[in-house]
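Please keep the sequence and the structure in view while reading.

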Amino acid sequence: MKIALFGGGPACLIAAIQLSRNHEVVIYERGKRVGRKFLVAGNGGFNLTNAKDQEDLIKNYTQHRALKNALLQFGSNDLRIWLDNLGISTFIGTSGRVFPMKGIKPVQVLDTIISELKKNHVIIKTDTPLVGFSDEGLPLVKEGEVVLEHQADYYIYGLGGGSWSKTGSNDLWLQYFDQLGIRTLPFSPSNAGVNIDFTEEFKAKFQGFPLKNIACSVGDKEKVKGELLITNYGVEGNALYPLSNAIRTELEQGGSTLIIDFKPSNTLRDLEGRIQERKVLPKNYGFIFKLSKAALKLIKEFSSKEEYLNPHRLIEKLKHFEVPVQSLRPVEEAISTVGGISLQEINHSFELLKHPKHYVVGEMLNWDAPTGGFLLQGCFSSGMAAANDILNKK
Ligand SMILES: Cc1cc2nc3c(=O)[nH]c(=O)nc-3n(C[C@H](O)[C@H](O)[C@H](O)COP(=O)(O)OP(=O)(O)OC[C@H]3O[C@@H](n4cnc5c(N)ncnc54)[C@H](O)[C@@H]3O)c2cc1C
């Protein structure tokens, strides 16, 4: 069989490896190299997956039977074994995040995957974008100045989300699928920072400072423990990213408030205990409540004088501190995006319902998951599911 894949991100790369053992496989990539967002991920934490057990893993994703099946069939342990078989051993770090073993650089992980593709005779055509579909619904690729219709037995698209355009992402392909009659949604930021109306004085003094061991929430969402980083626009960080969806929803309804618990390990009563029978002055708050200067200044910034000077009111603030959110950061800066191809367009194995034999995988589908390894796992699992579905058809 001949199988054509479009996009050289992790979702298509794993599918190509799986298919290439017995079939002719070609990857069309619009950029000069494959796997550039994978490498960008490598510059940060490089959480390849998350070692949560299957049920807990699945809870982190948009609920859809295709994703659920994919994660059940190829979960984080399977991905670790798959990587191990390629020679990339991994270890489990904090909060279940899985990293390549110490000493293995991200580029080595990508090079190993590319070597495997080459070993299996996969053709990788870079600088060769998908530019639309013919009237017959076949993919059109641009090779040099020539646009050619590509004929294959099966097609897999893994064109990625909308952020970090320097890695090859853009939203041009949305219109190609729209023209094919496939429902797409514009991209929105996920796992993104938020704009907050800090004073210039606060930003100048505290930009780059972390707020550690805190927990964030929005509305009645469960608190997310982690940290925030103060930036020149507001805040970013792992205690915020899983709340992107909830913040987006609140903003659409008129306004969003980020709630920070500065002392997630202490109850109100614990904190009250620290001030009983002593005269507490604001200059001692940092010492008594173990708060950084940045945290104290932030509380001061969004409190009235009366609130700040009254230690009992301050304690309430420490446990429930409300910061108005102006907006999410733009799509371009987000770690991931939602939007793209509607999940209603695919069957249980990522095949387009209106165009059988055409599969859509990875971040180009409208699903969401937090950082911490879940994004790459979702991409790898969906790519593997599409490949296995094709293999099972013959
Ligand atoms: C800063 C940052 C840090 C991250 N860290 C992590 C992390 O630690 N853990 C984690 O799980 N996830 C992380 N992610 C997210 C993860 O990298 C992505 O979710 C994942 O790479 C998406 O894989 P994909 O295969 O769907 O698409 P991509 O990796 O985006 O690949 C899509 C490919 O398609 C190509 N393409 C686009 N249009 C066309 C076209 N018309 N024709 C042909 N090719 C085309 C692009 O050039 C690109 O190579 C991070 C992302 C960012 C930005």
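R329 is buried, with a relative accessible area of 17%, where buried means under 20%, exposed over 50% and partly exposed in between, for a 1.4 Å probe and protein chains only. Its side chain meets that of E333 in a salt bridge of 2.9 Å, N to O; the term denotes a side-chain nitrogen of Lys or Arg within 4 Å of a carboxyl oxygen of Asp or Glu. E333 is partly exposed at 37% relative accessible area. The model is predicted, so local features need pLDDT of at least 70 and side-chain atom pairs count only at pLDDT 80 or more, while totals for chains, interfaces and linings use all residues. Residues are numbered from 1 along each chain as its sequence is written, and side-chain values use heavy atoms, with hydrogens and water left out.

**Salt bridges**

- Side chains of opposite charge can pair when their charged atoms come close.
- A search of the whole structure finds 15 salt bridges.
- One of them joins R21 and E116, whose closest N and O atoms are 3.8 Å apart.
- This pair links distant parts of the chain, 95 residues apart: R21 lies in the loop between α1 (10-20) and β2 (24-28), and E116 belongs to helix α6 (residues 106-119). Helices (H or I, at least four residues) and strands (E, at least two) are DSSP runs, numbered from the N terminus.
- R21 is partly exposed, with a relative accessible area of 45%, whereas E116 is buried at 12%.
- A salt bridge also connects E307 with R313, with 3.3 Å between the closest N and O atoms.
- In that pair, E307 is buried, with a relative accessible area of 17%, and R313 is partly exposed at 36%.

**Charges and surface**

- The protein carries 47 positive and 43 negative side chains, and the centres of the two sets lie 7 Å apart.
- Lys and Arg count as positive and Asp and Glu as negative, without His and the chain ends; each charge is placed at NZ of Lys, CZ of Arg, CG of Asp or CD of Glu.
- The accessible surface comes to about 18,300 Å², of which 49% belongs to carbon and sulfur atoms.
- These areas come from the Shrake-Rupley method with a 1.4 Å probe, and for residues only the protein chains shown count as cover.

**Overall form**

- The secondary structure comprises 15 helices and 20 strands.
- The C-alpha atoms fill a box of roughly 80 × 40 × 35 Å, taken along the principal axes.
- The radius of gyration is 24 Å, which agrees with the value near 21 Å that a compact globule of 394 residues would have. The radius is taken over C-alpha atoms, and the globule rule is 2.2 Å times the number of residues to the power 0.38.
- Of the 394 residues, 56% count as buried.
- Among contacts between residues at least 6 apart in sequence, 68% join residues at least 24 apart, contact meaning heavy atoms within 4.5 Å.

**Helix α1 and residue V26**

- Helix α1 is mostly covered, as eleven of its eleven residues are buried; among them are P10, C12, I14 and L19.
- V26 is found in strand β2 and is buried, with a relative accessible area of 11%.
- Leaving aside neighbours within four places in sequence, V26 is in contact with I3, A4, L5, I123, K125 and H150.
- The C-alpha atoms of V26 and N266 are separated by 56 Å, the two residues being 240 apart along the chain.
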